[in-house]
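Please look over the sequence and the fold before reading on.

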Amino acid sequence: MKQPPPHGVAAPPHSIFEDVQGLLVGSLFVALAVLMFQQALLLTGGTTGLAFLLHYALEWPLGWLMFAVNLPFYVFAWLALGPVFTLKTFAAVALLALWVQWLPLWLAFERLHPVLAAVLAGLLAGTGILILLRHHASLGGLGIMAVYLQKRLGWRAGVVQMACDALILLGALWLLPPLQVLLSLLGALALNMVIAVNHRSGRYMGV
């Protein structure tokens, strides 16, 4: 078994193969969570939540909306976090958009309780985002801001994301019934709990 490096010693960076599988698996986990949210008429936070709001309001394809709403954030990411992070994030968001559009061709939920959808999708999305973060990527938008603030100010990425998600979910009250918004908040809490507990600066040495 490969031993972790001694404390204070930087681990070697991920290989290209490791980064590719991380982006594929992380975006796939999040896409599965997105489909659960969609099936239960819920939403999540971040720019994905904004895409959900537009999807519910305008009935445009969700996958392409998720890709489009992130476009303005790439310039900031390039300047603040560098080209490697930006290109990996762009790839992760593009993969997520493709997964969300393609998976319904092969997968359908015939029975999915909204409470289970909220919790399970939140945990699954948080795990997928955590995989992406550990490969120096994100799902764009507010995730970029959260990673930047953690690097620059030491603020927990999960806590920052949770605050932004709460604002987006409150804005959903004009489109969805209060119960759906409440269950969406439950999903967002599950998602951000995974990130807040498991993504701490300096704890993971493989980034």
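What pattern does the chain follow when it is read along the sequence? In this predicted model, the chain follows the pattern α-α-α-α-α-α-α-α-α, with 9 helices and 0 strands.

**The chain as a whole**
- Of the 207 residues in the chain, 48% are buried.
- The chain exposes about 10700 Å², and carbon and sulfur atoms supply 72% of that area.
- Among the contacts with a separation of 6 or more, 77% are accounted for by residues 24 or more positions apart.

**The salt bridge**
- The structure holds 1 salt bridge, which Lys 88 forms with Asp 19, their closest N and O atoms being 2.9 Å apart.
- This pair links distant parts of the chain, since Lys 88 lies in helix 5 (residues 83–102) and Asp 19 in helix 1 (residues 16–39), 69 residues apart.
- Lys 88 has a relative accessible area of 17% and counts as buried, and Asp 19, with a relative accessible area of 12%, is buried as well.

**The surroundings of Ile 144**
- Ile 144 has its place in helix 7 (residues 142–153), and it is buried, with a relative accessible area of 0%.
- Leaving aside residues up to four places away in sequence, Ile 144 touches Phe 73, Phe 76, Ala 77, Leu 81, Phe 85, Thr 89 and Ser 138.

Definitions and conventions. Residues numbered from 1 in each chain as written. Predicted model: local features only at pLDDT ≥ 70, side-chain atom pairs only at ≥ 80, totals over all residues. Heavy atoms only, no water. Helix = DSSP H or I, 4+ residues; strand = E, 2+ residues; numbered from the N terminus. Buried < 20%, exposed > 50% of the residue type's maximum accessible area, 1.4 Å probe, protein only. Contact = heavy atoms within 4.5 Å. Areas by Shrake-Rupley, 256 points an atom, 1.4 Å probe, with all protein chains shown as cover. Salt bridge = Lys/Arg side-chain N within 4 Å of Asp/Glu carboxyl O.
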